[in-house]
Amino acid sequence: MVFFHFPWSVEPHPFMTLVAALQMTSGNRVEANLEQAERLIAEAAERGARLAVLPENFALMAGSDAERRAAAEPDGRGPIQDFLAAAARRHGLWLVGGTIPLQAPAGKVYAACLLYDARGERVARYDKVHLFDVQLGNGEQYFESNGIEAGGSPVVAQTPFGSIGLSVCYDVRFPELYRRLIDQGAEILVVPSAFTAYTGRAHWETLVRARAIENSVYVVAAAQTGRHPNGRETHGDSMIVGPWGEVIARLPQGSGVVLAQCELGQVRQVRRQLPSIEHRRFR
């Protein structure tokens, strides 16, 4: 973990919590992915985390739309949702369930990011809004909208350790979403992701830090990493970034846990001393 000195004296504040970003290399076997997730959640809890964030597609890195549809669960029940609820309850922490496929109309799925409290109760659901329909310069192409139904609403959840704004992967390229989240009170942003290795090398850190700087928030970015059975390669580099844009902790490669203290006093102090949010002319 790397610590940074701020250009001001940070006031002590009671609202501090240890948060964890969990980095995985998920495959196409749900059971094996859940076993990997359980190990990482347990490690985060043992090390004192009160909030843990799983990456996008943590339960299934599908090789096709059909494979994703076959694993899709009805909202509120199914083995993946049961796992998340039980893990949060068993380990006594708040848990962001990356994304899981939930049933949607017309044979598609929602890429749903679910938040559970420490009792295992679901308190929020966010469906990924921005879908990754791209043809990259290295020949890779993705058309998420072929099999995924886009969500339509930003989501902020109240927790004992601050207001959390939910987002997913490609969302991080759309700053207007995060303005909506902070206008709804977000102090911590989560970005479960499966960034490609190609785009990750070019943009990942810059985008994550930019969202923290322009909104004066913590960003907890949990990523997929490495080569997956479906042939896809993801960038990794899970990180936790502070409200001044400093990378507090990161894991460049490999499965594991990234931990850092989030202190809401720093969010409020940055916003007070550099009130750029209040200086906006266009809303």
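**Exercise 1.** In this predicted model, determine which residues line the largest cavity, and how much space lies in it.

*Solution.* The lining consists of Phe132, Cys169, Tyr170, Arg173, Ala194, Phe195, Thr196, Thr199 and Arg232. The space in this largest cavity comes to about 50 Å³, and the count of cavities of 30 Å³ or more is 2.

**Exercise 2.** Identify which residues of helix α4 are buried, and explain why they line one face of the helix.

*Solution.* Begin with the helix itself, which spans residues 175–183 and in which Leu177, Tyr178, Leu181 and Ile182 are buried, that is, under 20% relative accessible area. Just after α4, finally, Gly185 adopts a positive phi of about 105 degrees.

**Exercise 3.** Find which residues touch the most other members of the largest nonpolar core.

*Solution.* That core has 52 residues, and those touching the most other members are Leu51, Leu166, Val219 and Val220. Taking Leu51 and leaving out residues up to four places away in sequence, its contacts are Leu18, Val19, Ala20, Trp94, Val96, Phe161 and Ile164. Another core, of 31 residues, lies apart from the largest one and includes Ile80, Ile100, Ala112 and Leu259.

**Exercise 4.** State where pLDDT stays under 50.

*Solution.* The mean pLDDT of the protein chain is 94, with 95% of its residues at 70 or more, whereas residues 1–13 stay under 50. Where pLDDT is low, the predicted coordinates should not be read in detail.

How values were computed
Residues are numbered from 1 along each chain as its sequence is written. This is a predicted model: local features need pLDDT of at least 70, side-chain atom pairs count only at pLDDT 80 or more; totals for chains, interfaces and linings use all residues. Side-chain values use heavy atoms; hydrogens and water are left out. pLDDT is the predictor's confidence in each residue, from 0 to 100. Contact means heavy atoms within 4.5 Å. Buried means under 20% relative accessible area, exposed over 50%, partly exposed in between (1.4 Å probe, protein chains only). Helices (H or I, at least four residues) and strands (E, at least two) are DSSP runs, numbered from the N terminus. The arc is that of the directions from the helix axis to the C-beta atoms. A nonpolar core is a set of buried Ala, Val, Leu, Ile, Met, Phe, Trp, Tyr and Cys residues joined through side-chain atoms within 4.5 Å. On a 1 Å grid over the protein atoms alone, a cavity is a set of points where a 1.4 Å probe fits but cannot get out, and a pocket is an open set with protein on both sides within 12 Å along at least five of seven lines; lining residues have an atom within 4 Å of a point. Grid points are joined across faces, edges and corners, and a volume is the space filled by probe spheres set on the points.
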